[in-house]
Amino acid sequence: MSDDETNRVHDLVDAVYRSESRQVLATLIRLLGDFETAEEALHDAFAVAVEQWAQDGVPAKGRAWLVSTGRFKAIDGMRRRARFDASLTELAKQLETSTSDREEWDDESVEDDRLRLIFTCCHPALSPEAQVAMTLREVCGLITEEIARAFLTKPATVAQRIVRAKAKIREARIPYEVPSEKELPDRLDAVLRVVYLVFNEGYSASSGNSLTRHDLSGEAIRLGRVLTELLIEPEAMGLLALMLLHDSRRAARTSPTGDLILLENQDRALWNRDQITEGVSLVARTLSSGQVGPYTIQAAIASAHAQAPSSATTDWAQIVALYDLLLQAHPSSVVELNRAVAVAMRDGPSAGLTLIEAILAQGDLANYHLAHAARADLCRRLGRTKEARVSYQRALSLTQQEPERRFLKRRLGELPD
């Protein structure tokens with residue numbers, strides 16, 4: 001082949017890898033019963049694809065071809081190693097006879113395999129850190145270094161978590177399956193929590209030079225779509241709506257130089273209307289189901305913001321009422337803080353400041369930079385400059401996010417002497 005043809009085939013295989021590799025891996029894990037074996041088989045299959053597709057063209061059912069090739073390479077590898085481990089001979093025979101139906105490797109069963117993989121990676125027997133690492137690695141395909149960078153962890157630590165999680169799955173014989181209807185509510189909570197944690201790290205990165213990590217928030221939204229396609233669960237729809245509505249503001253959240261822009265100052269013409277339309281529709285569908293959970297309530301709050309032409313015309317009374325409902329469904333100091341900010345917008349900065357100071361006095365948010373930033377802002381609005389300066393400095397000392405640091409420094413510089 002010419003260099004151009006070689007590059008074309010490589011580009012084609014790369015594109016298929018990006019779009020299909022996670023689905024193929026999910027099926028190979030089911031067929032081969034082991035993460036490491038399946039991952040090796042996946043890479044072997046794509047290596048063969050580079051050579052064979054260049055000669056024979058891309059097969060009509062590329063996904064099934066990749067699964068079949070990966071399975072064959074895994075069984076063949078077991079046979080070669082059987083001279084050193086006799087138990088592999090029997091295992092290879094079992095795999096060959098029990099996974100011979102190529103029809104079950106196509107679209108519908110593969111979607112089921114993706115759901116199995118998500119629930120396996122988020123199994124309650126694994127630690128929350130391991131659940132996140134496994135989901136990003138196996139379901140989303142992020143490499144160890146990317147996961148470590150996203151969550152301020154050393155690559156070696158992430159790698160160790162993944163190795164231990166796979167060992168736990170193997171040794172505890174954690175079933176590779178979608179939970180039963182009885183188990184599903186509790187297990188789904190863990191899955192939704194992991195997806196939302198990934199989204200939040202992408203939507204508002206915990207550190208670094210960039211406010212957002214669109215690769216992570218995009219993966220979380222993709223996972224949310226998979227869940228809503230494969231499960232009829234209102235809270236899964238609520239979470240997808242919440243992520244879409246938050247992500248719709250991404251283009252307006254920073255200036256061209258990367259500086260933070262608060263919600264009230266954002267150019268709403270930059271908000272993604274397609275995401276807003278989809279998110280608002282999902283909120284309406286979920287609310288009409290009568291099964292309203294924390295993600296749906298938060299999505300309803302985001303929907304109220306998304307539909308308001310400006311901060312001044314936002315229905316703050318409705319938002320406060322929704323926060324009251326959220327506190328009943330999911331009590332937390334952060335929810336109390338967000339409600340206090342909404343009260344400040346509804347009733348004035350003095351009312352909000354009273355609530356925030358009571359929250360800070362409880363101690364749970366003593367090291368939460370956004371609590372001190374919120375107090376500083378309300379003090380600034382009330383002309384309590386000295387208190388505002390102290391709170392801005394405290395917030396500045398707690399945040400590791402560079403755009404937030406620049407914003408806080410700018411606010412400090414704007415305060416009168």
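This is a predicted model: local features need pLDDT of at least 70, side-chain atom pairs count only at pLDDT 80 or more; totals for chains, interfaces and linings use all residues.
Contact here means heavy atoms within 4.5 Å. By this criterion, and leaving aside residues up to four places away in sequence, Ser311 touches Glu264, Arg268, Trp316 and Met345. Ser311 is placed in the loop that runs between helix 13 (294-307) and helix 14 (316-329). With a relative accessible area of 14%, Ser311 falls under the 20% limit and is therefore classed as buried.

The mean pLDDT of the protein chain is 85, and 88% of the residues score at least 70. Among the elements, helix 16 (residues 349-362) has the highest mean pLDDT, at 97, whereas strand 1 (residues 207-208) has the lowest, at 50. Over residues 105-110 the pLDDT stays under 50; for this segment the model has 19 contacts beyond four places in sequence.

Salt bridges were examined next. Side chains of opposite charge can pair when their charged atoms come close. The structure holds 21 salt bridges. In one of them, Glu357 is paired with Arg375, and the closest N and O atoms are 3.0 Å apart. Because Glu357 belongs to helix 16 and Arg375 to helix 17 (residues 369-381), this pair ties together parts of the chain that are 18 residues apart in sequence. The two partners fall into separate accessibility classes: Glu357, at 32% relative accessibility, counts as partly exposed, while Arg375, with a relative accessible area of 14%, is buried.

Further salt bridges involve Asp377. The side chain of Asp377 meets that of Arg380 in a salt bridge with an N to O distance of 2.6 Å. Both residues lie in helix 17, where a spacing of three residues corresponds to about one turn of the helix. Asp377 is buried, with a relative accessible area of 14%, whereas Arg380 is partly exposed, with a value of 30%. Asp377 also forms a salt bridge with Arg381, for which the closest N and O atoms are 3.1 Å apart. Asp377 and Arg381 are again both in helix 17, here four residues apart, which is about one turn of the helix. Arg381 has a relative accessibility of 35% and thus counts as partly exposed. Through shared partners, salt bridges join Glu264, Asp377, Arg380 and Arg381 into one network. Glu264, a member of this network, is also among the residues touched by Ser311.

Attention then turned to open space in the model. Rolling a probe the size of a water molecule over the atoms shows where empty space is left. The second largest pocket contains about 300 Å³ of space. The pocket is lined by 16 residues, of which Arg18, Arg22, Cys140, Gly141 and Glu219 are the closest to its centre. Helix 1 (3-32) and helix 10 (214-230) each supply at least two residues of the lining. Helix 1 gives the most, contributing six residues. Classified by residue type, the lining of the second largest pocket comprises seven charged, five polar and four nonpolar residues.

Definitions and conventions:
Residues are numbered from 1 along each chain as its sequence is written. Side-chain values use heavy atoms; hydrogens and water are left out. On a 1 Å grid over the protein atoms alone, a cavity is a set of points where a 1.4 Å probe fits but cannot get out, and a pocket is an open set with protein on both sides within 12 Å along at least five of seven lines; lining residues have an atom within 4 Å of a point. Grid points are joined across faces, edges and corners, and a volume is the space filled by probe spheres set on the points. Ala, Val, Leu, Ile, Met, Phe, Trp, Tyr, Cys and Pro count as nonpolar, Asp, Glu, Lys and Arg as charged, and the others, Gly among them, as polar. pLDDT is the predictor's confidence in each residue, from 0 to 100. A salt bridge is a side-chain nitrogen of Lys or Arg within 4 Å of a carboxyl oxygen of Asp or Glu. Buried means under 20% relative accessible area, exposed over 50%, partly exposed in between (1.4 Å probe, protein chains only).
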